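Please look over the sequence and the model below before reading on.

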Amino acid sequence: MIDLTGKRALVTGGSRGIGRATALLLAECGASVVIAYRSREAEAADVVRAIEQRGGRAAAVAGDLGQRVDAERVVDEAAGFLGGLDLYVGNAGVWPAHDVALTEMDDAQWSATMRANLDAIFYTTRRVARELGDGGRIVLVTSTAAQRGEAFHADYAASKGAVVSLVKSLAVELGPRGITVNSVAPGWVDTEMTSWPLQGPDRARIEAAIPVGRVASPEDIAAPIVFLCAPQARHVTGEILNVNGGSVLCG
């Protein structure tokens with residue numbers, strides 16, 4: 001049984017999908033949780049309400065994490081509400097909604113993806129690292145695309161690949177302070193972000209390429225994230241935990 005009683009967690013991208021499932025599970029395990037969101041106020045309020053109805057403590061903070069001032073404010077507000085931070089799940093990000101060849105990709109798309117998937121992680125993690133003490137946990141959500149690449153989504157794969165390198169760098173840098181840094185790398189997950197291919201005729205082809213025969217649910221990703229936040233994972237750091245049903249066996 002994972003017991004996170006007394007732990008204080010910040011989950012970015014917490015209003016829906018993987019972030020929502022993670023926030024709920026962290027709270028179920030006893031943590032107090034602040035979720036960060038960009039624009040979905042109603043959904044964020046619903047997550048907070050769900051946690052509170054189960055007897056937990058939660059709050060939501062809005063901000064554009066790709067902007068340094070916003071990212072730092074979100075972390076500061078979360079730490080202020082909770083009285084400090086112990087756990088940080090960096091989940092917020094984007095996946096461009098259409099295939100785009102590199103030769104056709106414009107500067108605006110590249111910059112927007114990097115700002116949402118890399119700059120936001122950098123700004124937020126930098127601030128969080130100043131708040132965490134011994135026993136602190138950082139879990140950054142990446143992707144199988146970070147390790148194998150993703151044709152026609154070079155911006156996404158590159159941004160997530162950079163986060164993988166950041167995880168490995170920070171695991172060594174922050175380890176002496178008693179802070180572990182890991183990543184969970186999902187494959188296909190049934191969320192709003194991936195709805196355009198998964199709700200269309202490509203879903204059967206996608207599922208056929210997954211050895212377990214199905215697309216992951218957000219809860220399938222949340223459980224490994226919460227494990228990496230737990231005392232049971234205290235000797236795991238610098239790890240990229242692939243959760244993809246066997247579709248990408250990258251070790």
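Predicted model: local features only at pLDDT ≥ 70, side-chain atom pairs only at ≥ 80, totals over all residues.

**The sheet and its surroundings**

Strand 4, covering residues 87-90, is joined to strand 5, covering residues 137-141, by four bridges, and the two strands run parallel. The points below set this pairing within the sheet, then turn to the helices and to selected residues.

- The open sheet is built from seven strands in the order 3-2-1-4-5-6-7, with parallel pairing.
- Strand 3 (58-62) and strand 7 (240-243) stand at the edges with a single partner strand each, so one side of each has no neighbour in the sheet.
- On average, and with direction ignored, neighbouring strands of this sheet are turned by 15° against each other.

- Helix 4 lies across strand 1 (8-12), strand 4 and strand 5, and runs at about 175° to strand 4.
- Helix 6 also packs on the sheet, where it touches strand 5, strand 6 (180-186) and strand 7, and its direction makes about 155° with that of strand 6.

**Helix against helix**

- Two packed helices are described by the angle between their axes and by the distance between the axes.
- Helix 4 (residues 107-131) packs with helix 6 (residues 154-174) at an angle of about 15°, their axes lying 8 Å apart; because angles under 35 degrees count as roughly parallel, helix 4 is described as roughly parallel to helix 6.
- The crossing of helix 4 and helix 6 is right-handed, and residues that make the contact include Trp110, Met114, Leu118 and Ile121 of helix 4 together with Tyr156, Val163, Leu166 and Leu170 of helix 6.
- Sorted by class, the contact of helix 4 with helix 6 has 13 nonpolar, five polar and two charged residues.
- Helix 1 (residues 17-28) and helix 2 (residues 41-53) pack at an angle of about 20° with their axes 10 Å apart, which means that helix 1 is roughly parallel to helix 2.
- Helix 1 passes helix 2 in a right-handed crossing, and the contact is made by Arg20, Ala23, Leu24 and Ala27 of helix 1 and by Asp46, Val47, Ala50 and Ile51 of helix 2.
- By class, the contact of helix 1 with helix 2 has six nonpolar, no polar and two charged residues.

**Selected residues**

- Asp86 is found in the loop between helix 3 (68-82) and strand 4, and its relative accessible area of 15% makes it buried, because the cut-off for that term is under 20%.
- Leaving aside neighbours within four places in sequence, Asp86 is in contact with Gly6, Lys7, Arg8, Leu132, Gly135, Gly136 and Arg137.
- Ala145 lies in helix 5 (residues 145-148) and counts as buried at 2% relative accessibility; residues up to four places away in sequence aside, Ala145 touches Glu150, Tyr156 and Ala157.
- Phe152, in the loop between helix 5 and helix 6, is partly exposed with a relative accessible area of 48%.
- Most residues other than glycine have a negative phi.
- Phe152 has a positive phi of about 70° although it is not a glycine.
- Asn182 lies in strand 6 and, at 0% relative accessibility, counts as buried.
- Not counting residues up to four places away in sequence, Asn182 touches a set of residues including Ile138, Val139, Leu140, Val167 and Leu228.
- The C-alpha atoms of Asn182 and Leu241 are separated by 7.8 Å, although the two residues are 59 residues apart along the chain.

Methods. Residues numbered from 1 in each chain as written. Heavy atoms only, no water. Axes fitted to C-alpha atoms, helices over the stretch in contact; angles between N-to-C directions. Parallel < 35°, antiparallel > 145°, perpendicular 65-115°, else oblique. Left-handed = near helix turned anticlockwise from the far one by under 90°. Contact = heavy atoms within 4.5 Å. Nonpolar A, V, L, I, M, F, W, Y, C, P; charged D, E, K, R; others polar. Pairing = 2+ DSSP bridges. Buried < 20%, exposed > 50% of the residue type's maximum accessible area, 1.4 Å probe, protein only.
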